[in-house]
Amino acid sequence: MATTEDPKAGVGGTEEWRREAFEAKPQRADVVFSTMSGVENEPLYTPDNVEVEYERDLGFPGVYPFTRGVYPSMYRGRLWTMRQFAGFGTSEETNERFRYLLEHGQTGLSTAFDMPTLMGYDSDHPRSLGEVGREGVAVDSLDDVEALFSGIPLNAVSTSMTINAPAAMLLAFYACVGEKQGVPISELRGTVQTDILKEYIAQKEWIFPPKPSMRLVVDMIEWCSREMPLMHPVSISG
């Protein structure tokens, strides 16, 4: 094997590289390099230790399994959507913020809802006391969502909504606002988080038990695939 002093020389084989190059300058001993599940990671993965069939496992950009991007030209064709997470107070106040962001170059909207909205409570519910409009916008009705997107053409922006348990209700409100603007729901774009399983182990913002909650998620996916194909009905949070 070529020595490491010759930068132009190649290194033959993963095991040879490990023996003659990597182990000559070993990794730090005081750092854990395994995953949280205790799986040990190799320092380098090559075709020698990973069986890969190019078209099956990697494929091409814009083609299943989409490991190299969902669009054929990726960011050469269009830049990623720029959206800042925003939402506070009333729908009117958040609408003012949305419009400010769009006027200053934002290309999409990302909606933060307050705790009562995330839990499915109206703002005048006793359990909402002290939390209305904090850490997100308060939404109780279709009127609130109309005010939230007033003056914002929904056929020109995509909207992300970070909400889980009441996701179906907020999506329905959004569809109604689009229709009132004269925008066909098939042209509405965006993402609804709807990651309800996360709520049972993390934020604890659920409304229904797991089984009916999952049924509602599946119904949303089925409905969107048929009626609102540009809307992403689920975004897994990890």
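**Exercise 1.** How many bridges join S1 to strand S2, and in which direction do these strands run?

*Solution.* The model is a predicted one, in which local features need pLDDT of at least 70 and side-chain atom pairs count only at pLDDT 80 or more, while totals for chains, interfaces and linings use all residues. Residues are numbered from 1 along each chain as its sequence is written, and side-chain values use heavy atoms, without hydrogens and water.

Step 1. Helices (H or I, at least four residues) and strands (E, at least two) are DSSP runs numbered from the N terminus; two strands pair if DSSP finds at least two bridges between them.

Step 2. Strand S2 covers residues 108-111 and is joined to S1 by 2 bridges, the two running parallel. Within S2, Thr111 is the bridge partner of Ala86.

**Exercise 2.** Determine the strand order of the sheet and describe the packing of helix H3.

*Solution.* Step 1. The 5 strands form an open sheet with parallel pairing, in the order S1-S2-S3-S4-S5. Strand S1 (85-86) and strand S5 (231-232) are the edges, each pairing on one side only.

Step 1. Helix H3 (residues 91-103) packs on the sheet and touches S1 and S2, contact meaning heavy atoms within 4.5 Å. The direction of H3 makes about 150° with that of S2; axes are lines fitted to C-alpha atoms, for helices over the stretch in contact, and angles run from 0 to 180 degrees between N-to-C directions.

Step 2. Helix H6 (residues 167-180) lies across strand S3 (158-161), strand S4 (189-192) and S5, at about 155° to S3.

**Exercise 3.** Which residues are linked with Arg56 in a network of salt bridges?

*Solution.* Step 1. Glu53 and Asp57 are linked with Arg56 in the network. The side chains of Asp57 and Arg56 meet at 2.7 Å, N to O.

Step 1. Arg56 is partly exposed at 45% relative accessibility, as is Asp57 at 27%.

Notes. A salt bridge is a side-chain nitrogen of Lys or Arg within 4 Å of a carboxyl oxygen of Asp or Glu. Buried means under 20% relative accessible area, exposed over 50%, partly exposed in between (1.4 Å probe, protein chains only).
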